[in-house]
Amino acid sequence: MSEIINPTEYDDGFNEFFEEIKSNPQYDSERIERAYKLARDAHKNQRRRSGEPYIMHPVAVAEILYKLGMDNESLIAAILHDVVEDTDYDLDYIRNEFGDDVALLVDGVTKLGQIPLSTKEEVQAENIRKMFMAMNEDIRVIIIKLCDRLHNMRTLEHMPPYKQREKSQETLEIYAPIAHRLGIRPIKEELEDLAISYLDPIAYKEIERRLSMKKEEGEAFLKEITDQIKEKIEPVMKNVQITSRVKSVHGLFRKVYIKGRSFEQIFDIYAVRIIVDSMIDCYNALGIIHDMFQPLPGRFKDYISTPKPNMYQSLHTTVLSKDGVPFEVQIRTWDMHRTAEFGIAAHWKYKLDKSGNDKMDERLEWVHKIIEAGSETENPEELVNSIKGDLSAEEVYVFTPKGDVKSLPKGSTVIDFAYSIHSAVGNKMVGAKVNGRIVNLDYQVKTGEIVEVLTSNQQGKGPSRDWLNIVKTGESRSKIRQWFKKEKREENIVRGKAEVEREFRRNYIHLEGEELEKFIKKISERQHCQTIDDFYAAIGYGGIQLSRMMPGVKDEYNRHWKPQHEPESAEELIEKPQTFKSTNGIIVEGIDNCLIKMAKCCSPIPGDVIVGFINRGTGLTVHKRDCVNVPKDLDHCDEPERWVKAYWDSNVVVEARSTLDVYAINRDGVLLDIATKLAESHVKIYSINARPIDDLNCLTTLTVSVNSKEHLEAISKVLKKVEGVYHIERSKKI
């Protein structure tokens, strides 16, 4: 048990901090002191891993919030943020003592818990969802959490090495990008630098060493430059502040170790900041800078006319000194500077309207989008990757033809752009133009480009399933899935059922009739699906990833459903040894790496029971087991030694060709309708040929790409929906 700490034996830093609070009339010092006394008493038996009294942590978090200018409720909630989670006090007590707002913030921070990004458990997705739900309810929750994380990172040296790396990775992938989105630059940069110091200490020390080597000459260079600028600007502008700084370690780390640049290729190691009174002064100052120094082409950015989504505004230009040393100049007004330093926190610091106005809603729109995207996937790993992608610190700014600006994560495609405008635009998209030129749908947009989305109102048009592998943002992926969920239910059910059958066969799950229905019903209920068709549909449109469920499904089957004496299935007519390697997705018993070809007489595809025939000098031919050219009794046929057992490798996805004979009533347009139906289902066609059988009937023979027997059956079901088609069978010839 932890020893009881005598409050008189240590200084937790509150007294000095409290003196600043008392001198600031915007704070309720009496309530803050009361919260401190409660927290100190609640944590009196607790120490941090460093050995320090635990109360020092919430006090330090409150002090960081104070420096950001956050309000009374935020500071009180920070002091109490671990009381409900780690002590005997409950939330009702906090509510009665300090009000609903404080209780909401404490509850929001408490519910976040840990986010173990090194694991892929479902709790990971739930904790991340909770964080964004809390942000959506009150953005102050995440600001408190950021300050909490910052202090934990400052004291991370007391944690074991594996925890240091885990927390640092989590910080770099989740918390620092959130701080960036909220525009809180000092917290973002410090979190990044601390995380890199633990994730790559050698690189961190090397950058520090390189910077320290340049420190004296850098300080002298920046002093000389700022003096020159002051001499030109101060006589013509009032209330000007000119400061300088060296780029953060993480900023240099990204350019040197991730983008592969040398120190000599980095043009913004040194930066000068000019703060002026008005927007007109910003552009006048820019003119003076470009008159004094040679600007580098392509290095000017106007974030005043085109602000970043996190409200950041400034003019950026990179210029060369008279000695040829590049440096960056940032020019902004005092209001812009406050927003650049405090971001969303400036909402409280400078007493702006707190009533959730339209501007505030626009600034936090990305939170709503992440929550919406997260609600459409059951796959925790996909959710985490989606959020990490959507929180990407690097963004591109793209224009609509009307001049509106859209901000997207770097790497976003024209499809992402279309869905950022509206889901209806994305769903009707058939192409895109960038700067007036037609581009492919996987084209990645770049800052400054003008993108025009080409749409079609033709009935039946919609997104392709392939888009799910192309898009970058979780928002786009979510909207594509929503479309398939709503518009293609019947197709989703067919696809989902085929996938279930395929996965069950691969995992040797043998159930039939009522037993199979009961088993699938039980699985679907666990996934919160009301009916089995809902379950199949969710698999079909991608809401449920069946392959990730299969270990648990197979375990459930083996423990409670597996018959004591399973009947031999058709797939097991040929024994499946586990000791042979596959060639082109086919395993042949006793033979490795032989030349394999598919028999043209029966065109086997994955899912068919197969057998191999050894040709003299030309390898092995694979037939369907029920092919007319395969003897029924292989043990008593001519040359039985040339027939070998073969089966499909369940771990390899095989693309095969299959030929179908489609019989239909002979009418105008039947061939076009068949081809259109296949195109809408994204089926690759190798050949298609139609001929009349008689005056009333016609035969269309087509060769398509399939990956399984179930896939072929699904294609047949789609074709049967074509008007006039009355019979489909697999062709005996190619």
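Asp227 and Lys223 meet side chain to side chain in a salt bridge, with N and O 3.1 Å apart. A salt bridge here is a side-chain nitrogen of Lys or Arg within 4 Å of a carboxyl oxygen of Asp or Glu. This is a predicted model: local features need pLDDT of at least 70, side-chain atom pairs count only at pLDDT 80 or more, and totals for chains, interfaces and linings use all residues. Residues are numbered from 1 along each chain as its sequence is written, and side-chain values use heavy atoms, leaving out hydrogens and water.

**Salt bridges**

- Asp227 and Lys223 both sit in helix 13 (residues 215-233). They are 4 residues apart, about one turn of the helix. Helices (H or I, at least four residues) and strands (E, at least two) are DSSP runs, numbered from the N terminus.
- Asp227 is partly exposed, at 35% relative accessibility. Lys223 is exposed, at 54%. Buried means under 20% relative accessible area, exposed means over 50%, and partly exposed lies in between (1.4 Å probe, protein chains only).
- Lys163 forms a salt bridge with Glu166, and their closest N and O atoms are 3.5 Å apart. Both belong to helix 10 (residues 161-181). Because they are 3 residues apart there, about one helical turn separates them.
- Lys163 is partly exposed, with a relative accessible area of 23%. Glu166 counts as buried, at 18%.
- Asp626 pairs with Lys624 in a salt bridge, the closest N and O atoms lying 3.9 Å apart. Asp626 is exposed at 59% relative accessibility, whereas Lys624 is buried at 16%.
- The whole structure has 22 salt bridges.
- Side chains of opposite charge can pair when their charged atoms come close.

**A buried charge without a salt bridge**

- Asp82 is in the loop between helix 4 (72-80) and helix 5 (83-86).
- Asp82 is buried, yet has no salt bridge. The nearest side chain of opposite charge belongs to Lys145, 6.9 Å away. Lys and Arg count as positive, Asp and Glu as negative; His and the chain ends are not counted.
- The side chain of Asp82 makes a polar contact of 2.4 Å with the side chain of Tyr54. Another polar contact, of 3.1 Å, joins the side chains of Asp82 and His81. A polar contact is a pair of N or O atoms within 3.5 Å; within protein, one must be able to donate a hydrogen and the other to accept it, and residues adjacent in sequence count only if both atoms are side-chain atoms.
- Leaving out residues up to four places away in sequence, Asp82 touches His43, Tyr54, His57 and Thr87. Contact means heavy atoms within 4.5 Å.

**Two buried strand residues**

- Thr317 lies in strand 5 (residues 315-320). Thr317 is buried, at 2% relative accessibility.
- The side chains of Thr317 and His290 make a polar contact of 2.8 Å.
- Beyond four places in sequence, the residues that Thr317 touches include Leu286, Ile289, Phe300 and Phe327.
- Val704 belongs to strand 20 (residues 697-706). Val704 is buried, with 0% relative accessibility.
- Val704 and Leu678 are 26 residues apart in sequence, and their C-alpha atoms are 9.2 Å apart in space. Leu678 is among the contacts of Val704 outside four places in sequence, as are Ala656, Ile685 and Ile715.

**A nonpolar surface patch**

- Leu671, Ile685 and Ile688 make a nonpolar surface patch of about 200 Å². Patches are made of residues with over 30% relative accessible area and no salt bridge: like charges are joined within 9 Å, and nonpolar side chains (Val, Leu, Ile, Met, Phe, Trp, Tyr) within 5 Å.
- Leu671 is in helix 28 (residues 670-680). Leu671 is partly exposed, with a relative accessible area of 36%.

**The chain as a whole**

- The protein chain has 29 helices and 21 strands.
- Of its 734 residues, 50% count as buried.
- Among contacts between residues at least 6 apart in sequence, 67% join residues at least 24 apart.
- The accessible surface of the protein chain is about 36900 Å², and 48% of that belongs to carbon and sulfur atoms. Accessible areas come from the Shrake-Rupley method with a 1.4 Å probe; for residues, only the protein chains shown count as cover.
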